[in-house]
Amino acid sequence: MFEQDNTALSTTQPQTRTPYTRSARNQRQLVLFNNTESPLSHAPSHDPSDNHGEVFTRRWVVDLILDLVGYDPHRDLANLVAIEPACGHGAFLIPMVERLVQSCALHQKPISAASGAIRACDLLAANVSAARTAVEDLLMRNGVEPETADKLTHEWIFQDDFLLGKRNEIAADFVIGNPPYIRLEDIPEARSNAYRKACPTMGGRADIFIGFYERGLETLRDGGHLGFICADRWMRNAYGKALRSLVASDYSVEAAITMHDVDAFETQVSAYPAITVIRAGTQGPAVIADTTADFTEASAADLREWYQRGRGGALHSTGISAAWLSHWFTTQAGWPTGSPDRLALVADLEERFPLLEETGAKVGIGLASGADQIYVTKDSSVAEEERLLPMVVRSDLSSGRINWSEHYLVNPWSSTGLVDLDEWPRLAGYFRRHWQTLSDRNVGRRSPGREHRTIDRVIEGLRLRRKILLPDMSQRIWPVMDEGQYYPHHNLYWIHEGESDWNLDVLAGLLLSDVAELFISTYCVRMRGGTLRFQAQYLRRIRVPRFADIDEAAREELKDAFRKRDVNAATKVALRLYGVAEIPS
């Protein structure tokens, strides 16, 4: 068991946590309860009738996870430590004990030698009792004396809240299970506050399984494995960012297997589950897999055999497609989406080609004003001509060329900072008519005496610079050239050559291709109806050949493809430049 950390339960005192580094992890080990005091004695109270987010996993799915993390009876499991952090009635625990019994027999050890090999806890006393009964029956069926079976079940299984137990040092070789599915806001306030203090990765409207990941990972010794099946929302949603950062900083994603349509649980749930296997150690090759409703126990056997063979070709079997990646994706933004074959191609291109900005090109976003109804106007009389910048907005780009809608940015900036309104009487009069609105904005309240500022400062020289524009929402990547006439609105992204030797028409041709679209569709959030939501961070993920490595014929072909808006022609050239035969579906 875990010693109770009373500080973690305090609602008034701040808690200091050890930074997440491998060196810090090696300074801690698992400390067991001494059983002289209930581990829940200081915890916020819980009602057994509350929603505890329990979903029980089918046996063949459990066996797959145990195989993926290496909980194998041929290993000396009695000398290893496995944690089940929410054991329920024993869906994971029973198969774990079965394998432990087999391992002891293979290694000619009495089961009593494995008293420290399993640590399984649950918040609910009824679950602890049920799990103990099931394990005790299993042991006695395997010839274990009743007294020994009773002793082992009480050493292995206990009542505790996994998220609030104190770990002074780390000693777990495995953390395995199916964490509860429940949002923090659905938990009584005192316990929710304690969870947030104990688990810093549980931000926003997180599910509590985020905390199970965090505490499970920091419980691992170097080389230890965590294997969970739970909802995959954390891989892409904002509330999973801190957990993704933790994983990227100190752990290796070994496998991520999407199982949205698989009958993986004893009851029907809309959980969008995935199996995730994470190792404590430096990132190495990883498996990405996607399944369909046809993924069954037989398919799991195919996956297991393919995975255990190690890195090689892709797997395409009944109900599953899987591929080995040379590395995992370390971005703190949402993990990528797509078929395993497409993700394997992205990983390969990331190995061979530089990021767009590494070639010298620059990526940015248009101006956010904080009050477009004031700063963006079609009325050119509201301010002096020098204070109006022609502004291009998303709808101006729909044809593939700029059809300017005659919007202007009312510009309060000069090259040296905010303008002196006394020098611009028409601008000053316009702002005074809207001063209350300007002052009520967050940026206005933070800037007394400078309430007329926009959120973003106008970038000097950007309007007059030739640049590629991209709308922030589109069905596909859609580059449009601005010849240096307009300032971009905040719903547009811009790319220019920076200090590089890029010809922007060549670059725009590459960006029009399906190869650029592959990167965007892999990383971008796809909204209802298939619309991609662009962000600068995703555009910066695009890999491109360096301009000097593009031969003259290819340059001309890309220029021509961009001028004609010919995606197929641009893609044909791009595939050749990237050394790719085709883009997988």
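**Entry 1: helix 3 and its neighbours**

I began with the buried residues of helix 3, which pack against helix 4 (93-106), strand 6 (172-177), strand 7 (220-231), strand 8 (251-258), strand 9 (273-280) and helix 10 (297-309). I took contact to mean heavy atoms within 4.5 Å. Helices (H or I, at least four residues) and strands (E, at least two) are DSSP runs, numbered from the N terminus.

I noted that this is a predicted model, where local features need pLDDT of at least 70 and side-chain atom pairs count only at pLDDT 80 or more, while totals for chains, interfaces and linings use all residues. Residues are numbered from 1 along each chain as its sequence is written, and side-chain values use heavy atoms, leaving out hydrogens and water.

How many residues of helix 3 (residues 59-69) are buried? I found 10 of its 11, among them Trp60, Asp63 and Asp67. Buried means under 20% relative accessible area, exposed over 50%, partly exposed in between (1.4 Å probe, protein chains only).

**Entry 2**

Next I looked up an open sheet of 3 strands, in the order 20-25-24 with antiparallel pairing. Two strands pair if DSSP finds at least two bridges between them; strand 20 and strand 25 (residues 532-533) are joined by 2. Met473 stands opposite Arg533 in strand 25.

**Entry 3: the whole chain**

Finally I stepped back: the protein chain holds 20 helices and 25 strands, and 58% of its 585 residues count as buried.
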